[in-house]
Structures are given as C-alpha cells and as structure tokens.
Amino acid sequence: MMGYFMVATPSRLLGRANSAIGVLAMGAMPLAPLIAGFGLAWAGRQGTILICAALCVLAAALAIGNRALRSLPVESRWAAHAAQYEAD
C-alpha cells in the first residue's frame, strides 16, 4: 500500500501526506499494549488471545472486502491508475 501511496501522492504533498500517515500509525501503536493489559486483567490469557485474533480477522476481512483495494493494478500500472484521479 505504501508503494502505491508514494506513486499516487503528488511530489509537492509527499511531506504532508507522510506526516499524516505517521501520526495515524504512531497514534495506533499504544493500542496493542492497552488492549493486552486490560484484556489480561479482564479476560485472562486465552480470552485476550482470542480478542486479538478476532481483531486481526476483522482487519483482514475489511481489507479483503474493500473493492478499491482489491482492484489496484500491478505495480507497473500504478502511475496510470493514480493519474486518472488527479484533479485538473
């Protein structure tokens, strides 16, 4: 996804776009230990593992179910695909 993101984002906006992605990614990082900590306290080891596995399955299902993501072309056609969404 990041490869397509780099091709699709105009060069003049790459810094801003990378910063926005970085904020989202870094903001999500504390969620794993938070879920694990509260999960271990409330659901125990097996329950926490099942909750985390369910979250992974949900994320995979969302990615698989996303038609736009599935329709991305092969790498050699990324630039042409991204160009059709550029504003004039």
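1. Helices (H or I, at least four residues) and strands (E, at least two) are taken here as DSSP runs, numbered from the N terminus. This is a predicted model, in which local features need pLDDT of at least 70 and side-chain atom pairs count only at pLDDT 80 or more, while totals for chains, interfaces and linings use all residues. Residues are numbered from 1 along each chain as its sequence is written, and side-chain values use heavy atoms, with hydrogens and water left out.

2. On overall architecture, the protein chain holds five helices and zero strands, and, read along the sequence, the pattern is α-α-α-α-α. The radius of gyration of the protein chain is 18 Å, well over the 12 Å that the globule rule gives for 88 residues, so the chain is more spread out than a compact globule. For reference, that radius is taken over C-alpha atoms, and the globule rule is 2.2 Å times the number of residues to the power 0.38. The C-alpha trace spans about 55 × 25 × 20 Å along its principal axes.

3. Helix α3 (residues 31–65) deserves a separate look, since a straight helix of 35 residues would span 51 Å at 1.5 Å a residue, whereas α3 spans only 24 Å between its end C-alpha atoms. The expected span is 1.5 Å times one less than the number of residues in the helix. A bend of about 125° is found in α3 at A43, where the bend at a residue is the angle between axes fitted to the seven residues ending there and the seven starting there. Within α3, the residues G39, G47 and T48 are buried.

4. I49 also has its place in helix α3, and, at 48% relative accessibility, I49 counts as partly exposed. I49 and S71 are 22 residues apart in sequence and, C-alpha to C-alpha, 32 Å apart in space.

5. Helix α2 (residues 14–28) includes S19, which counts as partly exposed at 45% relative accessibility; from S19 to A53 there are 34 residues in sequence and 29 Å in space, C-alpha to C-alpha. R16 is likewise placed in helix α2, but R16 is exposed, with a relative accessible area of 65%, and R16 and G37 are 21 residues apart in sequence and 33 Å apart in space, C-alpha to C-alpha.

6. S76 and A53 are 23 residues apart in sequence, and their C-alpha atoms are 34 Å apart in space.

7. H81 lies in helix α5 (residues 78–83) and, at 16% relative accessibility, counts as buried. Leaving aside residues up to four places away in sequence, H81 touches Y4, L72 and P73, where contact means heavy atoms within 4.5 Å.

8. On the cysteines, a search of the whole structure finds zero disulfides, a disulfide being counted as a pair of cysteine sulfur atoms within 2.5 Å. The sulfur of C52 is 7.0 Å from the closest cysteine sulfur, which belongs to C56, and this is too far for a bond; for the sulfur of C56, the closest cysteine sulfur is in turn that of C52. C52 is partly exposed, with a relative accessible area of 30%, whereas C56 counts as exposed at 56% relative accessibility.

Notes. Buried means under 20% relative accessible area, exposed over 50%, partly exposed in between (1.4 Å probe, protein chains only).
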